[in-house]
Amino acid sequence: MKKCKGCGIPMQSSDKESLGYVVDLEQDYCQRCFRLSHYGDISHFKTNYVSNEKILKIYNRYSSSLFVLIIDIIDAFVLKSDDLLSFFKDYKVLLLINKTDLLPDNISEHKVDQIFSRMLFDLNRKYKNIVAAMLTNKYENRFNEQFFALLDDLKVNSVVFAGRANAGKSSLINKLIANKALTTSMYPGTTLEEIDIMYRNYHFIDTPGLVDVNNYSTYLNMEKYKLSKIAKTIRPQIFQLKEPQSYFYDGMLRVDIIPKDKASVSFYISNDNKIHRTSYENGDDYYQKHYCEFILRVKPLAIADYGITDSKLFVLKGLGMFKISGECLVYIHSLANVRLYTSEVEI
Ligand SMILES: Nc1nc2c(ncn2[C@@H]2O[C@H](COP(=O)(O)OP(=O)(O)O)[C@@H](O)[C@H]2O)c(=O)[nH]1
Ligand SMILES: [Mg+2]
């Protein structure tokens, strides 16, 4: 059966409402891909997560290939505490840390290099199957050149592009082959099946993304998802405080900080969202007043408390990060379903 070149789904012309629909089976792209790529039209788009079980079966069929594991920069900060690498322990892995352009300009390239070199050194002790690692944006135009040189060094010609939903797998293949053949979008679940692309003497295999139960985006409706998606270089929102304060992120996160003397907090989130600040005293009032806006209310915010003596970086995958400095007590209300990560990384 003919498959869509953008998302991999078998095409059909009988059911408009189902995936793979196309008016004319001579076409190369299904209607959904056509609309997504040409108009960014998502009216027909449902989040079609492919089950991890199905994706792991695809991986298994390519077990002798090189696995290019693509990781979103925010997720990369907590890679050591994530279970992602355990899915790949039987495969030869090239780690690619993607979307480094999202990091604020005050974090230098040198710093990014340092952070990840150290992290990879540690990871490599546990995961000997990681044969190399690269930062994708770092080399700019030279990325392709470096990537192909590495493939030659490793003597591979079958390459699987794998990782979490929306990490940028399909975009990366498009960049490597200098052709917008694959459908990409800001929504998870764009790629539906494996797609084998022949390029030079390589097989590049695109795959659907693994679902992450510890990512905010897995639980957000379309509106909140769009609002929270970090698409451009982050401009940190920084606050200094001497009195207890509460910080709200659009009903998705509340951070109460009670400083001993003085403290500061920097939020690294989507620039489209402004953090709302109130005094700690008024925090509960604000929370109650806006309760109905607070997510998907079926999924409550859970509270975690921390005592901070120096500085700590917190990561909520799919939402962003925040760093708190100064001696203080902190109460963090975040989505109960997702893990609140702390990172050893200093930024
Ligand atoms: N800022 C930034 N965005 C990227 C980068 N690579 C991909 N994206 C965006 O991330 C989203 C997901 O990309 P896609 O290739 O569909 O991800 P996939 O689900 O892993 O195949 C799209 O909105 C892309 O434009 C990158 O290097 N930097
Ligand atoms: Mg994709």
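**Criteria and values in a predicted model**

Mentor: Leaving aside neighbours within four places in sequence, Tyr29 is in contact with Cys4, Lys5, Gly6 and Phe34. The model is a predicted one.

Trainee: What makes these residues contacts of Tyr29?
Mentor: A contact requires C-beta atoms, placed from the backbone, within 7 Å. Cys4, Lys5, Gly6 and Phe34 are listed as contacts of Tyr29, a residue in the segment before α1 (31-39).

Trainee: Is Tyr29 buried, partly exposed or exposed, and why?
Mentor: Tyr29 has 19 C-beta neighbours inside 10 Å. Burial needs 20 or more, and an exposed residue has 12 or fewer. The count for Tyr29 lies in between, so Tyr29 is called partly exposed.

Trainee: Why is Phe77 called buried?
Mentor: Phe77 has 27 C-beta neighbours inside 10 Å. The threshold is 20 or more, therefore Phe77 counts as buried. Phe77 lies in the loop between α3 (73-76) and β2.

Trainee: Which residues does Phe77 touch, when those up to four places away in sequence are not counted?
Mentor: They are Val315, Met321, Ser343 and Val345. Phe77 and Ser343 are 266 residues apart in sequence, yet their C-alpha atoms are 6.6 Å apart in space. For Tyr29 and Ile107, a separation of 78 residues in sequence goes with 40 Å, C-alpha to C-alpha.

Trainee: How do you know that β13 and β14 are paired?
Mentor: Pairing requires at least two bridges. Strand β13 (residues 311-316) and strand β14 (residues 320-325) are joined by 6 bridges, so they qualify, and they run antiparallel. Leu313 has Lys323 in β14 as its bridge partner. The two strands form a hairpin with 3 residues between them, and Gly318 in the turn has a positive phi of about 85°.

Trainee: What makes β16 a partner of β13 as well?
Mentor: Strand β16 (residues 341-343) is joined to β13 by 3 bridges, which meets the requirement of at least two, so this is also a pair. The strands run antiparallel, with Val315 opposite Tyr341 in β16.

Trainee: Why are β3 and β5 described as edge strands?
Mentor: The open sheet has 6 strands in the order β3-β2-β1-β4-β6-β5, with mixed pairing. β3 (130-135) and β5 (195-199) each have a single partner strand, so one side of each is left without a neighbour in the sheet. Neighbouring strands of this sheet are turned by 25° against each other on average, direction ignored.

Trainee: In which sense do β5 and β6 pair, and over how many bridges?
Mentor: The sense is antiparallel, over 5 bridges. Met198 stands opposite His203 in β6.

Trainee: Which helices lie across β3?
Mentor: Among them are helix α4 (residues 109-126), which also lies across β2 (92-98) and runs at about 165° to β3, and helix α5 (residues 142-154), which runs at about 170° to β3.

Trainee: What makes up the shell around ligand 1?
Mentor: The shell holds 19 residues, the closest being Gly168, Lys169, Ser170, Ser171 and Thr184. By class there are 4 nonpolar, 12 polar and 3 charged residues. Helix α6 (residues 169-177) gives the largest share, 3 residues.

Key: Residues numbered from 1 in each chain as written. Chains lettered and ligands numbered in written order. Predicted model: local features only at pLDDT ≥ 70, side-chain atom pairs only at ≥ 80, totals over all residues. Near = placed C-beta within 6 Å. Helix = DSSP H or I, 4+ residues; strand = E, 2+ residues; numbered from the N terminus. Nonpolar A, V, L, I, M, F, W, Y, C, P; charged D, E, K, R; others polar. Axes fitted to C-alpha atoms, helices over the stretch in contact; angles between N-to-C directions. Contact = placed C-beta atoms within 7 Å.
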